[in-house]
Amino acid sequence: MGARGPKPGQYSMRMTPKGSPAANKGASRYKSGAPDRPKHLGKAARKVWDRTVKEMDAAGALAVADRDVLAVYCVAVADLEALSAEIERDGLMIDIPTFDRNGRPTGATNRKPHPGLKWRADLMNKVRQYAETLGLTPAARSRAGAAPEAAPTAATNKIIALRDRIAALRADD
């Protein structure tokens with residue numbers, strides 16, 4: 001039986017062309033800055049747009065080309081918020097009237113899970129996927145190499161303070 005996998009050297013790496021964006025070490029070929037808000041967004045989606053664009057623009061993680069993906073993200077978040085409010089109002093379980101075999105109401109009810117729960121789970125997955133695409137999740141930011149806002153200092157971290165004291169004692173020797 002032969003060895004498994006590709007033959008040695010079959011998938012050799014090629015050099016990156018000088019003019020390609022990959023050769024520019026992360027330099028984007030898209031115009032950076034906040035895109036114009038689409039006119040078709042509803043009131044709730046416009047609020048999501050404003051707060052998201054504000055944060056992304058402050059972080060320098062926004063390009064004009066992100067407009068459409070960002071609009072879809074904002075609509076999904078607005079829909080998720082509206083659906084969650086409806087589920088909160090109606091409760092997780094709802095009463096469904098029962099009918100006899102002739103279609104007449106019997107007067108009894110059955111408790112069933114709210115039908116919006118499945119829709120909300122689907123929306124949560126969509127929002128998570130779009131947030132990942134836009135770099136809005138902690139994992140996406142760490143993969144992109146985004147630095148944390150403030151590094152811990154000796155005043156806030158006892159381990160760093162201890163390390164600094166040990167380094168100072170060793171320097172005195």
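Helices and strands here are DSSP runs, counted from the N terminus. With that in hand, let's walk through this predicted model.

**The overall layout**

The chain has 5 helices and 2 strands, and going from the N terminus the order is α-α-β-β-α-α-α. Of its 173 residues, 19% count as buried. If you take the contacts between residues at least 6 apart in sequence, 51% of them join residues at least 24 apart.

**His114, in a loop**

Start with His114, which sits in the loop between strand E2 (105-113) and helix H3 (116-134). Is His114 buried or exposed? It is buried, because its relative accessible area is 6% and the cut-off for buried is under 20%. Leaving aside residues up to four places away in sequence, His114 touches Glu86, Ile87, Asp90, Gly91, Leu92, Met93 and Ile94.

**H2 against H3**

Now for the helix pairs. Two packed helices are described by the angle between their axes and the distance between the axes. The axes of H2 and H3 come within 9 Å and cross at roughly 150°. Angles over 145 degrees count as roughly antiparallel, so that is the label for H2 and H3. Their crossing is left-handed. On the H2 side the contact is made by residues including Leu70, Tyr73, Val77, Leu80 and Ile87, and on the H3 side by residues including Gly116, Trp119, Leu123, Val127 and Tyr130. By class, this contact has 17 nonpolar, 3 polar and 2 charged residues.

**H1 against H2**

H2 (residues 67-90) also packs with H1 (residues 43-59), at an angle of about 125° and with the axes 8 Å apart. That makes H1 oblique to H2. H1 passes H2 in a right-handed crossing. Among the H1 residues making the contact are Val48, Trp49, Arg51 and Met56, and among those of H2 are Leu70, Ala71, Cys74, Val77 and Glu81. The residues of this contact divide into 13 nonpolar, 1 polar and 3 charged.

**Arg51 up close**

Arg51 lies in helix H1 and is partly exposed, with a relative accessible area of 44%. Which residues does Arg51 touch, not counting those up to four places away in sequence? The answer is Val77 and Glu81. With Glu81 there is a polar contact too, 2.9 Å between the two side chains. Arg51 and Cys74 are 23 residues apart in sequence, and their C-alpha atoms are 9.9 Å apart in space.

**His40, ahead of H1**

The other histidine to look at is His40, in the segment before H1. His40 is exposed. Going C-alpha to C-alpha, His40 and Ala71 are 9.2 Å apart in space, while 31 residues separate them in sequence.

Here are the accessibility values for these residues side by side.

| Residue | Class | Relative accessible area |
|---|---|---|
| His114 | buried | 6% |
| Arg51 | partly exposed | 44% |
| His40 | exposed | 62% |

Notes: Residues are numbered from 1 along each chain as its sequence is written. This is a predicted model: local features need pLDDT of at least 70, side-chain atom pairs count only at pLDDT 80 or more; totals for chains, interfaces and linings use all residues. Side-chain values use heavy atoms; hydrogens and water are left out. Axes are lines fitted to C-alpha atoms, for helices over the stretch in contact, and angles run from 0 to 180 degrees between N-to-C directions. Helices (H or I, at least four residues) and strands (E, at least two) are DSSP runs, numbered from the N terminus. Angles under 35 degrees count as roughly parallel, over 145 as roughly antiparallel, 65 to 115 as roughly perpendicular and the rest as oblique. A crossing is left-handed if the near helix is turned anticlockwise from the far one by less than a right angle, and right-handed if clockwise. Contact means heavy atoms within 4.5 Å. Ala, Val, Leu, Ile, Met, Phe, Trp, Tyr, Cys and Pro count as nonpolar, Asp, Glu, Lys and Arg as charged, and the others, Gly among them, as polar. Buried means under 20% relative accessible area, exposed over 50%, partly exposed in between (1.4 Å probe, protein chains only). A polar contact is a pair of N or O atoms within 3.5 Å; within protein, one must be able to donate a hydrogen and the other to accept it, and residues adjacent in sequence count only if both atoms are side-chain atoms.
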